[in-house]
Amino acid sequence: MPMQKELAMKRILVTGGAGFIGSAFVRFLLRTYPEVHVVVLDKLTYSGNPDNLKEVCPDRYSFVHGDIADSLCVASSMQGCDAVVNFAAESHVDRSLEGAADFINTNVAGVNVLLEQALLQNLRRVLLVSTDEVYGSIETGAFKEEDSVKPRNPYAASKAAGELLGMAYFHSHGLPVLVTRGSNTYGPYQYPEKVLPLFITNAIDRSPLPLYGDGRNMRDWLYVDDHCSAIDLVLRSGEPGQVYNIAGGNERENIAVAHTLLELLHAPESLIQYVKDRPGHDRRYAVDAAKIRALGWSPRMPWAVGMAHTVTWYRENEWWWRKIKDGSFREYYERFYGPLLSK
């Protein structure tokens, strides 16, 4: 596949730009491209956090508080932009198991609004950030982009549906849509419902680490800045109508990840508490990233260094996560994990 000529862009809309990976991408763009202005559109639901953009120069970006399912808001936010990168998503599997309506509204209907408006405004690129979870579980080997998607939970199904809409717009209307499927991403500013920040912050407080099943579920871990550099490369040099896997090359069982962070925090292994496995819990995710490596990308962050940096960040930034865990998250955590931990 021939490499596309890199596109120069001056104004980029980043939806979901106050979330974990979205805010990291905003910071990446602004430190990498001095000429770029970023428009952040974020609904600021529970996981969207203005504190994630605290270190961003206010002269380099504009913030719009709004919903990607709101066509008028999207239309005004998109004006004058060369491209849109969509991070806006409901993204927690456990919450999707409780109810999928919000996931369908944002991850499917919201994506459709973005595609409609991008077509009307003749954007040069539309990049939909997706997940390796759309493939489902794989016992051995690794999924390639042309493999079928077989999502096994409502979150993954909604992300797959958004992808399919994007590709339909590419084939039907010629809209220059690209899709990235990243593996498990970790790093600073990740909302503590996800396993790594949850376990780190629980371990700091010497609270139990609720580990599903036998702890042997396997994930490939990708440092957030490596994920951002890959997305940027696909945005500028990828071929429209194509999907690109992004892999970290750090396959670890969940139990091994827990042991690593406990060692870094000098916390006892007795904090690990095995709990009933969640429904449809995929055993192993793995994707083949040869396609994006052919564009010149490879992850730079070594696993040990990335984990140490991440643990240190949460240890040194309690101001960021403690008000989250002491706020509305506490009700969710006690409602969801309370019954599991009491058994």
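**Figure 1. Tyr189, a buried residue with a positive phi in a predicted model.** Tyr189 is buried in this predicted model, its relative accessible area being 9%, which puts Tyr189 under the 20% limit used for that word. The residue belongs to the loop that runs between β7 and α6, the latter covering residues 195-204. The backbone of Tyr189 has a phi near 70°, which is a positive value in a residue that is not glycine. Most residues other than glycine have a negative phi.

**Figure 2. Arg206, a partly exposed residue with a positive phi.** Arg206 is not a glycine, and yet its phi is positive, at about 60°. The loop that holds Arg206 lies between α6 and β8, where β8 spans residues 209-212. With a relative accessible area of 41%, Arg206 counts as partly exposed, because that term covers values between the 20% limit for buried residues and the 50% limit for exposed ones.

Figure 3. Between β7 and β9, the latter made of residues 218-223, the pairing is parallel and runs over 3 bridges. Within this pairing, Asn184 has Trp221 of β9 as its bridge partner.

**Figure 4. Strand β6 and its pairing with β5.** Strand β6, which covers residues 177-182, is mostly covered, with 6 of its 6 residues buried. Val177, Val179 and Arg181 point one way from the strand, while Leu178, Thr180 and Gly182 point the other way, and all of them are buried. In a regular strand the side chains alternate between the two faces of the sheet. β6 pairs with β5 in the parallel sense over 6 bridges, and Val126 stands opposite Val177 of β6.

**Figure 5. Ser183, in the loop between β6 and β7.** Ser183 is found in the loop that lies between β6 and β7, and it is buried, with a relative accessible area of 4%. When residues up to four places away in sequence are not counted, Ser183 touches Asp132, Asp220, Trp221, Leu222, Ile246, Ala247 and Gly248. Ser183 and Pro50 lie 133 residues apart in sequence, and their C-alpha atoms are 25 Å apart in space.

**Figure 6. The largest pocket and the residues that line it.** The largest pocket holds about 270 Å³ of space. Its lining consists of Phe28, Tyr223, Asp225, Asp226, Ser229, Leu233, Gly296, Trp297, Ser298, Arg300 and Met301. Helix α7, residues 224-237, gives the most to this lining, with 4 residues. When the lining residues of the largest pocket are divided by class, 5 are nonpolar, 3 are polar and 3 are charged.

**Figure 7. The second largest cavity.** A search of the whole structure finds 3 cavities of 30 Å³ or more, and the second largest cavity has a volume of about 50 Å³. The residues around the second largest cavity are Asn86, Asn107, Val111, Leu128, Val129, Ser130, Lys159, Gly162 and Glu163. Two or more of the lining residues come from each of the elements α4 (101-120), β5 (125-131) and α5 (154-173). By class, 3 residues of this lining are nonpolar, 4 are polar and 2 are charged.

**Figure 8. Pro240, in the loop between α7 and β10.** Pro240 sits in the loop that lies between α7 and β10, where β10 covers residues 243-246. Pro240 is buried, with a relative accessible area of 15%. Along the chain, Pro240 and Val93 are 147 residues apart, and a distance of 29 Å separates their C-alpha atoms.

How values were computed. Residues are numbered from 1 along each chain as its sequence is written. This is a predicted model: local features need pLDDT of at least 70, side-chain atom pairs count only at pLDDT 80 or more; totals for chains, interfaces and linings use all residues. Side-chain values use heavy atoms; hydrogens and water are left out. Two strands pair if DSSP finds at least two bridges between them. On a 1 Å grid over the protein atoms alone, a cavity is a set of points where a 1.4 Å probe fits but cannot get out, and a pocket is an open set with protein on both sides within 12 Å along at least five of seven lines; lining residues have an atom within 4 Å of a point. Grid points are joined across faces, edges and corners, and a volume is the space filled by probe spheres set on the points. Ala, Val, Leu, Ile, Met, Phe, Trp, Tyr, Cys and Pro count as nonpolar, Asp, Glu, Lys and Arg as charged, and the others, Gly among them, as polar. Buried means under 20% relative accessible area, exposed over 50%, partly exposed in between (1.4 Å probe, protein chains only). Contact means heavy atoms within 4.5 Å.
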